[in-house]
Amino acid sequence: MRNYVFHTEMGQPIRALARSQACHASTIMRQIRKVETRRDDPLVDRAIKALAEEETAKSLPDALEMMQALRRLAAPAAMLAIAVGMEQGVILQDTSADDPDHGSKLPSTTAMTLALRGWISCGNTVGRVLRYRITPAGRVALRELTAQTENQARAMAEAPEAFEHAPQGTGTWDTAQMVRMPVQETPVASLSRRKDRDGQAFLTRAMVRASERLREDYELAQVDAQRHGQPAPDWQGLLAAIEAHQPVGQEGTSAEAQVRGALAFLGPGLSEVALRCCCLLDGLETTEKQMGWAARSGKVVLRIALQRLVLHYEASGELGPKIG
């Protein structure tokens, strides 16, 4: 990609590029032709121009941001809808008419990076609204990025500062568990496939999206703390304060503040089940045992927590706009 930009946008000769990299000119030519065939994709074309103008040098997405986008796009019938020239797109899933999906926002810089790397592709470039879906290469990249993030989580789990005492009124906690990252299907995603007594989906699309938003902020808060050399956020202390009906501050990074605000809105009991099932990815049976609940009661409490979580995010406009 760099050779293509140097040659087509900056006018550097192919032979000069080959000499600087100690390779044959035909190698550079093949690289340039390969990229040229992809410029019909509007996002790829826009990304190449941005690279040439160095517009994205300070705003390229990190691995966690790309992993989260790919994970949402890897869901069944998921796609990225983005209008030509807009600064953000929306990731949507096909839904029934009575369960609309309001989508999740995705910055155009992230979308351009995914398209440039071949991790998403556009099925039809005609029209103002473009629709992208994850490619096989994107699914491979998702597994690799997830593994990298999991390794970061293990490193944070070894920090001696984290969670030495469990708060009263909650179940027991494990230090490594508090920073576990998702590597398989989440408990909420599994529960969303179940039906209620009337044959309707047990969880609405909005509930699933709200749980994903909470988990994304949780992961960002964990990684931000490690990146700045700070202790992991004190989630146990937060739960203890909520259980005791104490004021919950909004200190920490932006992502941590988002998690604190969401859990505080849920209140006692509901905040813990949301943290366990949405963020730590504890299964329902594990959660029921840890919290001392009757068997098969966890899914009902979790649904109540997700209903309130939807209200919290809708009030702040965090579930994204609806695209018709």
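**Testing the terms**

Modeller: Before we start, please keep in mind that this is a predicted model. Let us begin with two neighbouring strands: S1 covers residues 78-83 and S2 covers residues 88-93, and four bridges link them in the antiparallel sense.

Colleague: What makes S1 and S2 a pair?

Modeller: Pairing requires at least two bridges. S1 and S2 have four bridges, so they count as paired by that cut-off of at least two.

Colleague: What happens in the hairpin of S1 and S2?

Modeller: Four residues lie between the two strands there, and Gly85 takes a positive phi near 85 degrees.

Colleague: Which other strands are joined by bridges, and how many bridges are there?

Modeller: S1 is joined to S5 by four bridges, with the two running antiparallel; the partner of Ala83 in S5 is Val129. S2 and S3 also run antiparallel with four bridges, and Ile91 stands opposite Ser104 in S3.

Colleague: In what order do the strands of the sheet lie?

Modeller: The order is S3-S2-S1-S5-S4, which gives an open sheet of five strands with antiparallel pairing.

Colleague: Why are S3 and S4 called edge strands?

Modeller: Strand S3 (104-107) and strand S4 (120-122) each pair on one side only. From one strand to the next, the twist averages 35 degrees.

Colleague: How do you know that S1 is mostly covered?

Modeller: A residue is buried when its relative accessible area is under 20%. Six of the six residues of S1 are buried, so by that cut-off S1 is mostly covered. Both faces are involved: Ala78, Leu80 and Ile82 are buried on one side, and Met79, Ala81 and Ala83 on the other. As background, side chains in a regular strand alternate between the two faces of the sheet. In S2, five of six residues are buried.

Colleague: Which helices meet the sheet?

Modeller: Helix H5 (residues 63-73) packs on it, touching S1, S2, S3, S4 and strand S5 (129-134), and its direction makes about 135 degrees with that of S3. Helix H6 (residues 108-116) lies across S1, S2, S3 and S4, at about 70 degrees to S3.

Colleague: Which residues of H5 and H6 meet?

Modeller: On the H5 side they are Glu65, Met66, Ala69, Leu70 and Leu73, and on the H6 side Thr110, Thr113 and Leu114. The residues of this contact divide into five nonpolar, two polar and one charged.

Colleague: What makes H6 a mostly covered helix?

Modeller: Eight of the nine residues in H6 are buried, among them Ser108, Ala111, Met112 and Leu116. Thr110, Thr113 and Leu114, which take part in the contact with H5, are buried as well.

Colleague: And what comes just after H6?

Modeller: Gly118 does, taking a positive phi of about 80 degrees.

Definitions and conventions: Residues are numbered from 1 along each chain as its sequence is written. Side-chain values use heavy atoms; hydrogens and water are left out. Axes are lines fitted to C-alpha atoms, for helices over the stretch in contact, and angles run from 0 to 180 degrees between N-to-C directions. Contact means heavy atoms within 4.5 Å. Buried means under 20% relative accessible area, exposed over 50%, partly exposed in between (1.4 Å probe, protein chains only). Ala, Val, Leu, Ile, Met, Phe, Trp, Tyr, Cys and Pro count as nonpolar, Asp, Glu, Lys and Arg as charged, and the others, Gly among them, as polar.
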